[in-house]
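Visitor: I'd like to go through this one with you. Can we start with the metal site and then move on to the rest?

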Amino acid sequence: MKIERIQTIVTCPGRNFVTVKVMTDQGVYGLGDATLNGRELAVSAYLDAHVIPCLIGRDPRCIEDIWQYLYRGAYWRRGPVTMTAIAAIDMALWDILGKLANMPVYQLLGGKSRQRLLVYGHANGRDHEEAVDAVHRHIAEGFKAIRVQSGVPGLSKVYGVGKQPGHYEPAEKGLPPEEPWDTALYLRHTPELFRKVRDAIGFEPHLLHDAHHRLTPIEAARLGKALEPFSLFWLEDATPAEDQDAFRLIRQHTTTPLAVGEVFNSIWDCKDLIGNQLIDFIRTTIVHAGGITHVRRIADFAAMHQVRTGFHGATDLSPVCMAAAVNFGLWAPNFGIQELMPHNALTDEVFPHNYRFEDGYLVMDEVPGLGVEIDEALAARYPYERAYLPVARLRDGSMWNW
Ligand code: GCO
Ligand code: MG
């Protein structure tokens, strides 16, 4: 059995997605997500120029060997572009293997450890009142875990909050917009937000919050401590984690559980964080961290240290990645929670998928492979449109972390 052809498909049904389709000489094909928000064309170029030509003629069932070939064999290891390209091929090969075995990928991984996956949705508002309303709406929709973000008085725009109530998409068409940031305002405001939410809904639903890498370690420690009375499920991306040791300081000061890793691309990015039990949830995703083959290594390592998974699931991870995440989560013994930021209706039409939301959980049927498709004719009607995440600047003009 041989890989005959690999196609990269770039489409923008409301936002940009890159997909690989690996075709075999026996008619079976597999899909993989290769979307790297704001750097989409770098990954498709890397695949087209440097990955795809090397894979034609290889046996698609040799998933591990192809992974090692693309990682070790390239000499240049790691990095988001490389690891996203490897992830896309890896996902597609697992999809093929599942179809050949006539089994879902979760069966190939070792079978179901659970029947459904707890998910968290995004409640956001331009102010506290709107955020509390959004939390009520999520509870009515069945969510058992809810991330809460709110606008900050004095800041014209804050990450995680849409222009109007409801849908939020972080990337914007055109060149990167600039947004102001002021940590002092945010720190004053955020504990009050959670007090209002807990007063309104009580302690039953899980609440989460994303600090989006904006804080220094000591500021993050202060926030974690201030949020303790509101019993958060997690505080996410409290500080940038290139310096993994930074989390030690936060950990020493607060019992608020910590999650990090949506921008990580290999096990080396979280080795100390996990090995020293400095975090509680690892957020690496299948699309950005080398696919199922590599993320399985991260999850197994995390399990040894009582760290659970809490994968990134924003709109820039395509339904192909979500399908892989659902298969993975059904298997992973240390699954914790899955982020769910629903795609728009057109994206769901371009990528028909089997997974679905039911009463606060994601479920899927016993379908072969990943359980996701691409409507290529529909995808072709929506070509790439330049779009970027915003950038953040402090009030004096300094660049800050977005
Ligand atoms: C999240 C994220 C996203 C990211 C986006 C970047 O927790 O869902 O922080 O909103 O900013 O996915 O590509
Ligand atoms: Mg985040």
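Visitor: Which protein donors does the magnesium ion (ligand 2) have?

Guide: In this predicted model, the protein donors are Asp210 (OD), Glu236 (OE) and Glu262 (OE), which lie 1.9 to 2.2 Å from the magnesium ion. Donors here are N, O and S atoms within 2.8 Å of the metal (3.2 Å for Na, K and Ca), and water is not among the atoms, so sites may look incomplete.

Visitor: What spacing do the donors follow along the chain?

Guide: The donors of the magnesium ion (ligand 2) follow D-x25-E-x25-E. Glutamate 236 sits in strand E9 (residues 234-236), and glutamate 262, 26 residues away, sits in the loop between strand E10 (258-260) and helix H9 (271-275). Helices (H or I, at least four residues) and strands (E, at least two) are DSSP runs, numbered from the N terminus.

Visitor: Changing topic, what does the domain assignment give?

Guide: It gives domain 1 (3-104) and domain 2 (109-367), with bounds that come from an automatic or database domain assignment. The centres of domain 1 and domain 2, taken over C-alpha atoms, are separated by 26 Å.

Visitor: What is the area buried between domain 1 and domain 2?

Guide: About 2500 Å² is buried between domain 1 and domain 2, and carbon and sulfur atoms give 60% of that area; buried area is the accessible area (1.4 Å probe) that two parts lose on being put together, summed over both. Pro13, Trp94 and Pro104 supply 22% of what domain 1 buries against domain 2, more than any other three residues.

Visitor: How many salt bridges cross that interface of domain 1 and domain 2?

Guide: The rule finds three salt bridges across the interface of domain 1 and domain 2, a salt bridge being a side-chain nitrogen of Lys or Arg within 4 Å of a carboxyl oxygen of Asp or Glu.

Visitor: And how many salt bridges in the whole structure?

Guide: A search of the whole structure finds 24 salt bridges. One of them joins glutamate 376 and lysine 21 (2.6 Å, N to O); glutamate 376 lies in helix H13 (residues 376-380) and lysine 21 in strand E2, so this pair ties together parts that are 355 residues apart in sequence. Glutamate 376 is partly exposed, at 29% relative accessible area, whereas lysine 21 is buried, at 11%.

Visitor: Where does glutamate 178 lie, and where its partner arginine 393?

Guide: Glutamate 178 forms a salt bridge with arginine 393, with the closest N and O atoms 2.6 Å apart. Glutamate 178 is in strand E7 (residues 178-181) and arginine 393 in strand E17 (residues 391-394), 215 residues apart.

Terms used:
Residues are numbered from 1 along each chain as its sequence is written. Chains are lettered from A and ligands numbered from 1 in the order in which they are written. This is a predicted model: local features need pLDDT of at least 70, side-chain atom pairs count only at pLDDT 80 or more; totals for chains, interfaces and linings use all residues. Side-chain values use heavy atoms; hydrogens and water are left out. Buried means under 20% relative accessible area, exposed over 50%, partly exposed in between (1.4 Å probe, protein chains only).
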